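Subject: Model handover

Hello,

Here is the model I promised you. Please open it and keep it in view while you read.

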Amino acid sequence: MQHHLPSASYDSPYRDLAGARVVVTGGRGTLGGAIARACAGLGAKVWSLDVTPSGPTASGTVRERMANVRDRASLETVRDEVEADGATTVLINAAGIQRRTDFAGCDEATWQELMDINLNGVYRSCQVFGAGMRKTGGSIVNFSSVSGVVVSGKGTPYGIAKAAVSFMTKVIAVEWAPQVRVNAIAPTAIPSGMTADLFVSPAYVAAKLADIPLKRVGTVEDMVHAALFLASSASGLITGQTVIMDGGLSLR
Ligand SMILES: NC(=O)c1ccc[n+]([C@@H]2O[C@H](COP(=O)([O-])OP(=O)(O)OC[C@H]3O[C@@H](n4cnc5c(N)ncnc54)[C@H](O)[C@@H]3O)[C@@H](O)[C@H]2O)c1
């Protein structure tokens with residue numbers, strides 16, 4: 001059986017997401033939430049997992065569940081619910097936290113928290129949801145970061161975890177081929193819940209734009225398009241890759 005063959009329907013490249021079972025960790029975050037809503041809009045059955053409860057604007061078409069990527073049992077509870085319907089077809093790992101500290105100043109508790117959510121959380125959710133995907137086929141999209149590609153400011157321990165996510169993406173892509181494709185997105189800064197404290201500073205924005213050849217930061221729409229492309233068979237020959245979305249920041 002050949003997996004991940006794209007169709008020639010170029011006007012609807014993400015058509016195979018209709019009816020897919022999509023799990024999004026960090027599904028109430030800025031990026032995870034937008035991806036969850038986009039998948040639901042394409043006709044997917046979407047489960048949004050997060051540690052924060054649904055807000056008043058929660059979409060009725062997205063199944064909002066409480067789950068913590070630090071707690072394997074909470075992921076397994078959602079997995080059981082999804083698999084009562086059928087195997088997971090798409091897993092988007094968008095849960096994450098930022099703790100801005102340099103390497104020397106990163107205390108044990110901060111290091112453990114960053115690693116347990118940003119790295120171990122991806123390990124857990126890939127194992128929990130990936131077991132079914134390995135039998136029936138699927139696609140995983142992880143969130144790495146350009147902070148895991150180039151060393152920038154006080155994002156060092158976060159960047160170390162994200163670099164490891166990109167390497168884990170390669171490892172799983174090889175182990176789980178041909179059934180499962182695994183890719184990652186490594187964005188530059190995007191206005192979101194995680195970066196709200198930075199984007200209030202005009203000096204931060206000016207410095208960031210000075211570093212980015214395309215002279216703009218990332219948008220939610222940039223990330224949704226990339227996630228839909230990588231999740232769908234439109235990207236059917238791509239696996240193990242980290243797509244750097246940084247307007248050229250890491251080129252120099
Ligand atoms: N915004 C950026 O500039 C940027 C840049 C590069 C990478 N990223 C990555 O993109 C992903 C999405 O980030 P975002 O910008 O939407 O931030 P966000 O803060 O809006 O969303 C992150 C979500 O993860 C959830 N979360 C945190 N800990 C969790 C846990 N233990 N279990 C389950 N959910 C948990 C949060 O509650 C939140 O809803 C993250 O992995 C982040 O590291 C973001």
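Below is what I found, from the overall fold down to single residues.

**Overall**

Please keep in mind that this is a predicted model. The protein chain has eight helices and seven strands. Its C-alpha trace spans about 50 × 40 × 40 Å along the principal axes. The radius of gyration is 17 Å; a compact globule of 252 residues would have a value near 18 Å, so the two agree. Buried residues account for 44% of the 252 residues. Take the contacts between residues at least 6 apart in sequence: 72% of them join residues at least 24 apart.

**The core**

The largest nonpolar core holds 58 residues. Which of its members touch the most others? They are Val-22, Val-24, Ile-35, Cys-39, Val-46, Ile-92 and Ala-227. Helix H1, residues 30-41, gives the most to this core, with seven residues. Look at Ile-35 for an example. Leaving out residues up to four places away in sequence, Ile-35 touches Val-24, Ile-92, Ala-94, Val-224 and Ala-227.

**Around the ligand**

The shell around the ligand has 28 residues. Gly-26, Gly-29, Gly-96, Ser-192 and Gly-193 come nearest. By class, the shell has 12 nonpolar, 13 polar and three charged residues. H1 turns up again here: it gives the most to the shell, with three residues.

**Strand S5**

Is strand S5 buried or exposed? Six of its six residues (138-143) are buried, so S5 is largely enclosed by the rest of the structure. In a regular strand, side chains alternate between the two faces of the sheet. Both faces of S5 are covered. Gly-138, Ile-140 and Asn-142 are buried on one side. Ser-139, Val-141 and Phe-143 are buried on the other.

S5 also has strand partners. Strand S4, residues 90-93, runs parallel to S5 and is joined to it by four bridges. There, Ile-92 stands opposite Val-141. Ile-92 is also one of the core residues listed above. Strand S6, residues 180-187, runs parallel to S5 too, with six bridges between them. In that pairing, Phe-143 stands opposite Ile-185.

**Backbone points to check**

Most residues other than glycine have a negative phi, and most peptide bonds are trans. Two places here deserve a look.

- Ala-177 and Pro-178 are joined by a cis peptide bond, with omega about 5 degrees. Pro-178 lies in the loop between helix H5 (156-176) and S6.
- Lys-215 is not a glycine, yet has a positive phi of about 60 degrees. Lys-215 lies in the loop between helix H7 (202-211) and helix H8 (220-231). With 10 C-beta neighbours inside 10 Å, Lys-215 counts as exposed.

**Gly-248**

Last, a residue towards the end of my list. Where is Gly-248 found? It is in the segment after strand S7 (242-245). Gly-248 has 13 C-beta neighbours inside 10 Å, so it counts as partly exposed. Leaving aside neighbours within four places in sequence, Gly-248 is in contact with Ile-212, Pro-213 and Leu-214. Ala-207 is 41 residues away from Gly-248 along the chain, and their C-alpha atoms are separated by 15 Å.

Best wishes

Conventions: Residues numbered from 1 in each chain as written. Predicted model: local features only at pLDDT ≥ 70, side-chain atom pairs only at ≥ 80, totals over all residues. Core = buried A, V, L, I, M, F, W, Y, C linked by C-beta atoms within 7 Å. Buried ≥ 20, exposed ≤ 12 C-beta atoms within 10 Å, placed from the backbone. Helix = DSSP H or I, 4+ residues; strand = E, 2+ residues; numbered from the N terminus. Contact = placed C-beta atoms within 7 Å. Near = placed C-beta within 6 Å. Nonpolar A, V, L, I, M, F, W, Y, C, P; charged D, E, K, R; others polar. Rg over C-alpha atoms; globule rule 2.2 N^0.38 Å. Pairing = 2+ DSSP bridges.
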